[in-house]
Amino acid sequence: MTTTFDMFIETEVPEDELIVSRTDFSGKITYVNETFAEISGYKPEELIGKSHNVIRHPDMPKSAFADMWKTIQRGDAWEGYVKNLRKDGGYYWVFARMSTVVKEGEPIEYKSVREPVSRAKKIEMQNLYDKLRSEEEDMTRVVLYVKNEKLEIAESLET
């Protein structure tokens, strides 16, 4: 159970920068630009070779990623709004575009380019994703204040 304030800290993606990463077909990171590393709170070498879902925020509905994988695996480009998890437990929002990289006529990897999201769109998407997670996964995001002596009971409720 997270009991620190870090999970509520949002890192803003700068308007004039793009976050870029590449993965192999299994989702393992093969490249990140410096902006990706800085915004996510990782060093590039901590990300290379890791599954891209290392930055998957628990607020993201599973259906969003199922749709993304289905789309890119058939060779189409996917785009959508994503809330990502920082190394320190904070988060950041991006609008992501993912596609297959083709070299000499052969697909070799996936590429993702991400950009900032407006405050209004973040609120809209958080509300939508909360609704989807509730409907699809029977999970609801909550902030809970409990007496310290009841903390162990609250922790036992966590899945």
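Q: What counts as a pocket here?
A: On a 1 Å grid over the protein atoms alone, a pocket is an open set of points with protein on both sides within 12 Å along at least five of seven lines, and its lining residues have an atom within 4 Å of a point.

Q: Which residues lie nearest the centre of the second largest pocket?
A: His-52, Asn-53, Phe-65, Met-68 and Met-98 do, out of a lining of 19 residues. This is a predicted model, in which local features need pLDDT of at least 70 and side-chain atom pairs count only at pLDDT 80 or more, while totals for chains, interfaces and linings use all residues. Residues are numbered from 1 along each chain as its sequence is written, and side-chain values use heavy atoms, with hydrogens and water left out.

Q: Which elements each supply at least two residues of that lining?
A: Strand 1 (19–23), helix 3 (62–73), strand 3, strand 4 and strand 5. Helices (H or I, at least four residues) and strands (E, at least two) are DSSP runs, numbered from the N terminus.

Q: And by class, what does the lining of the second largest pocket have?
A: Eight nonpolar, nine polar and two charged residues. Ala, Val, Leu, Ile, Met, Phe, Trp, Tyr, Cys and Pro count as nonpolar, Asp, Glu, Lys and Arg as charged, and the others, Gly among them, as polar.

Q: Changing topic: how many salt bridges are there?
A: The count is 14, taking a side-chain nitrogen of Lys or Arg within 4 Å of a carboxyl oxygen of Asp or Glu.

Q: Which parts does the Arg-97 and Glu-79 pair tie together?
A: The two side chains form a salt bridge at 3.6 Å, N to O. Arg-97 belongs to strand 4 (residues 91–103) and Glu-79 to strand 3 (residues 78–85), so the bridge ties together parts 18 residues apart in sequence.

Q: Is Glu-79 buried or exposed?
A: Exposed, with a relative accessible area of 51%; Arg-97 is partly exposed at 38%. Buried means under 20% relative accessible area, exposed over 50%, and partly exposed in between (1.4 Å probe, protein chains only).

Q: Where does Glu-115 lie?
A: Glu-115 is in strand 5 (residues 106–115), and its side chain meets that of Arg-97 in a salt bridge of 2.7 Å, N to O. Glu-115 is partly exposed, at 26% relative accessibility.

Q: How far apart are the closest N and O atoms of Lys-121 and Glu-124?
A: They are 3.1 Å apart, in a salt bridge. The two residues are three apart in helix 4 (residues 119–137), about one helical turn.

Q: Which residues are linked in a network of salt bridges?
A: Asp-59, Lys-83, Asp-130 and Arg-141.

Definitions and conventions. 1 Å grid on protein atoms, 1.4 Å probe; cavity = no way out; pocket = protein on both sides within 12 Å on 5 of 7 lines; lining within 4 Å.
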